[in-house]
Amino acid sequence: MEEKFKQRRANCLKVVLFGPESTGKTTLSKQLAKHYNTVWVREYAREYLQRKWDEEQKICEPKDLLPIAEGQMALENELAKLTDSVLICDTDLLETKVYSEAYYSGTCDPILEKYALQNTYNLYFLTYIDTPWEADDLRDKPEERQAMFNFFEKALKKYNRPYVLLKGDKKERLEIAIKHIDNLIKNRK
């Protein structure tokens, strides 16, 4: 059963857009995928939770986290087969772990935690909260953006993940991200 949460070996670099809601992760993921002519892994939680909201008018519950993690890894593992350059990930299981702990009194399912810590990426881009808040059916903590950002940065530091902080407008963020990905590609060769 746990195999579905495991990251499969891939012949590509993997970068993750990481941070609180409404900080430009999806926009930047698409821009980077276009720039590198590669694929990007969308955030499975968004489609899963939007469907739940549309069908049941319910928000995320702890029981949703393992299906979300499973769906995220299925997408990542499948899309990683399509590139040998760079895979742009709009989230990872560590992000799901951070949300679990922030929303559910510091708790996280042991399976989710195991694979959130075991799966590895070449670089994280931590998106800052200097982008305008965009409300939707799923976003719910506009007044807690700084606290959520702090949760995300603390996780990257605690688990010693390589990361770059992205601030500024879309153009600035894209330029910084490209510079760092180019360095990864250069050092890989």
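In the predicted model described here, the buried residues of helix H7 (residues 170-188) are Arg173, Ala177, Ile178 and Ile181, where buried stands for a relative accessible area under 20%, exposed for one over 50%, and partly exposed for values in between, computed with a 1.4 Å probe on the protein chains only. Seen down the axis of H7, these residues fall within an arc of 130°, so they line one face of the helix; the arc is that of the directions from the helix axis to the C-beta atoms. An α-helix has 3.6 residues a turn, so residues three or four places apart point the same way. On the face of H7 turned away from this buried side are the exposed residues Lys171, Lys179, Lys186 and Asn187. The elements that cover the buried residues of H7 include S1, H1, strand S3 (86-89), S4 and S5, helices being DSSP runs of H or I with at least four residues and strands being DSSP runs of E with at least two, numbered from the N terminus. The end C-alpha atoms of H7 are 27 Å apart, in agreement with the 27 Å that its 19 residues should span at 1.5 Å a residue, the expected span being 1.5 Å times one less than the number of residues.

Residues are numbered from 1 along each chain as its sequence is written. Because the model is predicted, local features need pLDDT of at least 70 and side-chain atom pairs count only at pLDDT 80 or more, while totals for chains, interfaces and linings use all residues, and side-chain values use heavy atoms, with hydrogens and water left out.

Helix H6 (residues 145-158) has 14 residues and reaches 20 Å from its first C-alpha to its last, close to the 20 Å expected at 1.5 Å a residue. Its buried residues are Arg145, Met148, Phe149, Phe152, Glu153, Ala155 and Leu156. They cover an arc of only 155° around the axis, which puts them on the same side of H6, whereas Lys154, Lys157 and Lys158 are exposed on the other side. The buried residues of H6 pack against strand S1 (13-18), helix H4 (93-103), strand S4 (123-127) and strand S5 (163-166).

Within helix H4, Tyr99 has a relative accessible area of 18% and is therefore buried. Leaving aside neighbours within four places in sequence, Tyr99 is in contact with Gly19, Pro20, Glu21, Tyr104, Met148 and Phe152, contact meaning heavy atoms within 4.5 Å. Tyr99 and Met148 are 49 residues apart in sequence, and their C-alpha atoms are 8.6 Å apart in space. Lys97 is also placed in helix H4, and at 1% relative accessibility Lys97 counts as buried. Not counting residues up to four places away in sequence, Lys97 touches Cys108, Leu112, Glu113, Ala116, Leu117 and Tyr159.

In helix H2 (44-56), the buried residues are Tyr44, Ala45, Tyr48, Leu49 and Lys52. They cover an arc of only 110° around the axis, which puts them on the same side of H2, and they pack against H3. The 13 residues of H2 should span 18 Å at 1.5 Å a residue, which agrees with the 18 Å between its end C-alpha atoms. Helix H3 (residues 65-80) contains Ala69, which counts as buried at 0% relative accessibility. Apart from neighbours within four places in sequence, Ala69 is in contact with Phe5, Leu93 and Leu112. The C-alpha atoms of Ala69 and Glu95, 26 residues apart along the chain, are separated by 9.9 Å.

Most residues other than glycine have a negative phi. Gln57, in the loop between H2 and H3, has a positive phi of about 55° although it is not a glycine. Just after H6, Asn160 takes a positive phi of about 55°. Asn37 has a phi near 50°, a positive value in a residue other than glycine; Asn37 is found in the loop between helix H1 (25-35) and strand S2 (40-41) and is exposed, with a relative accessible area of 73%.
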